[in-house]
Amino acid sequence: RATAFLVDQAEHAREEETRQKALLALAQGNLSTGDSALQAAALRLAGDKRAPGKVRESAFALLEKMPTAVTGLVALMHDPDETTRWRAVEAALAAGKERAVVPVLEALNPSGKYKPEDLDSYVVHDLVLVGPPALTPLQGELASKNPVAKKVAQAAVAKLQKRP
């Protein structure tokens, strides 16, 4: 019942701060890995253009704690809003760790015009944060037909192999 109350507050409270705090409270609690209603609510809020920025960011922070949210986060990578797309990449990698590497890289638009610094700071950096467990899926991505995925995998593998 507490989770349902907090989700209701996150979605419907009048004050932005109440909505944000409800999401942060959910993120700090013991999450049930299969709580699809909570996950769906967090994904709705993360992708809601009308929601205040702090509420959306809190929804992404909650999703980072949910390994099962990777598929929904990968879907948000196709959002028209650039900030939402990059935040979805970061959240998906934080949530799914090495299991999110392939879905995230393959979701990058193969014909997209990405700034090298964006790929480095939003994708490569977060892949390095996953650490050595990311090496195996990254090495598989070196053979990807997606040129963007391949480029990112090469950069991440190089950085991970240089780490002490």
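Me: A crossing of two helices is called left-handed if the near helix is turned anticlockwise from the far one by less than a right angle, and right-handed if it is turned clockwise. In this predicted model, is the crossing in which α6 passes α8 left-handed or right-handed?

Reply: Two packed helices are described by the angle between their axes and the distance between the axes. Here α6 and α8, which covers residues 116–130, pack with their axes 9 Å apart and at an angle of about 10°. Because angles under 35 degrees count as roughly parallel, α6 is roughly parallel to α8. As for its handedness, the crossing in which α6 passes α8 is right-handed.

Me: Which residues of α8 make the contact with α6?

Reply: From the side of α6, the contact is made by Glu 82, Trp 86, Val 89, Glu 90 and Leu 93. Facing them, the residues of α8 that make the contact are Asp 118, Leu 119, Ser 121, Tyr 122, Val 123, Asp 126, Leu 127 and Val 130.

Me: What is the angle at which α4 and α6 pack?

Reply: The two helices in question are α4, residues 53–63, and α6, residues 82–96, and their axes lie 8 Å apart. The contact is made by Arg 56, Glu 57, Phe 60, Ala 61 and Leu 63 of α4 and by Thr 84, Arg 87, Ala 88, Ala 91 and Ala 95 of α6. Since an angle under 35 degrees counts as roughly parallel, α4 is described as roughly parallel to α6. The angle itself is about 25°.

Me: Which residue has a side chain joined to that of Arg 87 by a polar contact?

Reply: Arg 87 is found in helix α6 and counts as buried, because its relative accessibility is 11% and the cut-off is under 20%. Leaving aside neighbours within four places in sequence, Arg 87 is in contact with Glu 57, Phe 60, Ala 61 and Glu 64. Among these contacts, a polar one of 2.8 Å joins the side chain of Arg 87 to that of Glu 57.

Me: How many residues are in the largest nonpolar core?

Reply: In soluble globular proteins, nonpolar side chains tend to be buried together. Val 152 is one of the core members that touch the most other members, alongside Leu 63, Leu 73, Leu 105, Leu 127 and Leu 138. Not counting residues up to four places away in sequence, Val 152 touches Leu 105, Leu 108, Leu 119, Val 123, Val 124 and Leu 127. The number of residues in this largest nonpolar core is 54.

Conventions
Residues are numbered from 1 along each chain as its sequence is written. This is a predicted model: local features need pLDDT of at least 70, side-chain atom pairs count only at pLDDT 80 or more; totals for chains, interfaces and linings use all residues. Side-chain values use heavy atoms; hydrogens and water are left out. Helices (H or I, at least four residues) and strands (E, at least two) are DSSP runs, numbered from the N terminus. A nonpolar core is a set of buried Ala, Val, Leu, Ile, Met, Phe, Trp, Tyr and Cys residues joined through side-chain atoms within 4.5 Å. Buried means under 20% relative accessible area, exposed over 50%, partly exposed in between (1.4 Å probe, protein chains only). Contact means heavy atoms within 4.5 Å. A polar contact is a pair of N or O atoms within 3.5 Å; within protein, one must be able to donate a hydrogen and the other to accept it, and residues adjacent in sequence count only if both atoms are side-chain atoms. Axes are lines fitted to C-alpha atoms, for helices over the stretch in contact, and angles run from 0 to 180 degrees between N-to-C directions. Angles under 35 degrees count as roughly parallel, over 145 as roughly antiparallel, 65 to 115 as roughly perpendicular and the rest as oblique.
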